[in-house]
Amino acid sequence: MSVLLRSGLGPLCAVARAAIPFIWRGKYFSSGNEPAENPVTPMLRHLMYKIKSTGPITVAEYMKEVLTNPAKGYYVYRDMLGEKGDFITSPEISQIFGELLGIWFISEWMATGKSTAFQLVELGPGRGTLVGDILRVFTQLGSVLKNCDISVHLVEVSQKLSEIQALTLTEEKVPLERNAGSPVYMKGVTKSGIPISWYRDLHDVPKGYSFYLAHEFFDVLPVHKFQKTPQGWREVFVDIDPQVSDKLRFVLAPSATPAEAFIQHDETRDHVEVCPDAGVIIEELSQRIALTGGAALVADYGHDGTKTDTFRGFCDHKLHDVLIAPGTADLTADVDFSYLRRMAQGKVASLGPIKQHTFLKNMGIDVRLKVLLDKSNEPSVRQQLLQGYDMLMNPKKMGERFNFFALLPHQRLQGGRYQRNARQSKPFASVVAGFSELAWQ
Ligand code: SAH
């Protein structure tokens with residue numbers, strides 16, 4: 001039986017989310033051939049200099065430089081999300097998205113013995129909208145969480161976005177502590193009084209009992225691209241085009257390169273993308289969860305080891321040639337969930353990927369939508385709620401394109417006993433909300 005505590009949740013957010021007609025990054029596939037102007041951006045100059053001095057660079061290095069170079073990276077100094085940015089994400093479309101994820105974490109916390117403390121850790125929190133919606137649910141369900149010490153930990157490389165996150169999440173009256181040289185580069189207190197800290201790297205987040213969240217984070221991690229040739233796998237590199245001034249082009253490496261080790265021996269595709277950084281992060285999350293308990297929820301667009309060329313760019317809600325005007329557009333590649341699963345294997349259990357519309361349906365999106373619609377008399381708000389629902393759930397929009405994937409301790413799925421706190425010991429439930437219909441324990 002599913003019993004949903006929707007009526008206890010907060011009122012509709014006053015802030016209207018972005019209107020719907022913007023595309024999201026998952027939608028299109030770039031051939032990289034669209035004609036476009038090629039302004040000489042500071043990033044292009046930097047890359048040309050780098051290639052001239054040390055030779056062509058891998059697509060992974062190109063992506064990493066373009067997105068997160070500390071001086072000129074696309075993510076570092078701009079707010080690219082939302083109506084005025086380059087792309088839009090689910091939490092920016094509807095408050096319901098974050099609310100249901102908040103319910104997911106509470107449901108997991110309850111199912112695993114209601115620990116006396118947990119850390120909520122988000123990788124790549126964007127504008128802080130998602131964690132803000134989750135924390136609102138935690139506040140509304142304060143009676144359930146009342147004896148639990150919660151802290152928030154954000155892993156963010158962008159100076160600009162971390163400032164926006166702080167504005168969204170913290171109380172102006174309580175000044176933030178800043179220390180650019182420290183692994184914890186910013187600290188404060190959220191509007192609901194929860195300690196919050198910022199890091200550039202997951203490794204610096206304390207290893208306590210934690211719930212991890214990564215929404216549209218893995219797709220921005222650098223990928224290596226390969227093509228099968230009669231001589232074997234050859235990696236795609238970025239080089240300077242000798243025919244056109246100030247232009248980059250793709251070339252194939254003349255011989256094997258080290259990243260080839262990431263390709264499966266029985267690979268049948270003739271073009272593949274591999275993302276070693278994603279593997280490193282999944283291994284770290286898996287080790288942490290195996291050691292201290294908790295869970296990780298990953299939501300992104302992607303495939304299960306089937307797609308080939310998905311590396312693409314977005315600028316101003318339009319597809320953008322990945323090699324043109326680097327630093328001015330977002331770069332992304334579909335997440336290979338089969339690879340994430342392999343990297344978790346043996347350490348923790350994984351669930352999914354399942355489609356976003358199935359996950360949100362299981363979490364009770366229809367009931368939550370009805371509660372919000374019943375509460376609102378404002379036609380524009382009602383219309384926005386319905387449009388947001390359609391965008392998140394419609395199989396032709398985000399409903400089928402986006403996937404949910406979770407990492408959990410093995411005992412969580414085996415119905416074993418919860419070991420962390422003998423006093424609160426209780427059997428693990430076998431069903432995990434979202435991947436099955438939500439039912440409060
Ligand atoms: N999760 C948000 C934002 C997605 S955009 C949402 O769904 O709205 C990707 C986010 O990851 C941005 O916050 C970006 O600054 C951050 N990011 C990109 N590369 C990163 C890295 N290597 N380490 C940490 N954060 C990174």
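Modeller: An N or O atom in the side chain of glutamate 156 lies 2.6 Å from an oxygen atom of the ligand, a polar contact in the sense used here, namely a pair of N or O atoms within 3.5 Å, where within protein one must be able to donate a hydrogen and the other to accept it, and residues adjacent in sequence count only if both atoms are side-chain atoms. The protein buries 94% of the 570 Å² that the ligand exposes when taken alone, with accessible areas computed by the Shrake-Rupley method with a 1.4 Å probe and, for residues, only the protein chains shown counted as cover.

This is a predicted model, in which local features need pLDDT of at least 70 and side-chain atom pairs count only at pLDDT 80 or more, while totals for chains, interfaces and linings use all residues. Residues are numbered from 1 along each chain as its sequence is written, and side-chain values use heavy atoms, with hydrogens and water left out.

Two further contacts can be described in the same way. Threonine 89 places a polar side-chain atom 2.6 Å from an oxygen atom of the ligand, whereas glycine 124 uses a backbone N or O atom, which lies 2.7 Å from a nitrogen atom of the ligand. In total, 18 residues surround the ligand, and the closest are Thr89, Gly124, Gly126, Glu156 and His215; a residue is near a molecule or strand if one of its heavy atoms lies within 4 Å of it. By class, this shell holds nine nonpolar, six polar and three charged residues, where Ala, Val, Leu, Ile, Met, Phe, Trp, Tyr, Cys and Pro count as nonpolar, Asp, Glu, Lys and Arg as charged, and the others, Gly among them, as polar.

The ligand takes up the space of the largest pocket, a molecule being placed in a cavity or pocket if more than half of its atoms lie within 2 Å of its grid points. On a 1 Å grid over the protein atoms alone, a pocket is an open set of points with protein on both sides within 12 Å along at least five of seven lines, a cavity is a set where a 1.4 Å probe fits but cannot get out, and lining residues have an atom within 4 Å of a point. The largest pocket holds about 780 Å³ of space, a volume being the space filled by probe spheres set on the points, which are joined across faces, edges and corners. Its lining has 36 residues, of which Gly124, Val157, Phe217, Val220 and Leu221 lie nearest the centre, and it divides into 18 nonpolar, seven polar and 11 charged residues.

The largest cavity has a volume of about 130 Å³, and among its 17 lining residues Val223, Cys275, Asp334, Val335 and Asp336 lie nearest its centre. That lining comprises 10 nonpolar, one polar and six charged residues. The second largest cavity has about 30 Å³ of space, and its lining includes Val66, His320 and Leu331.
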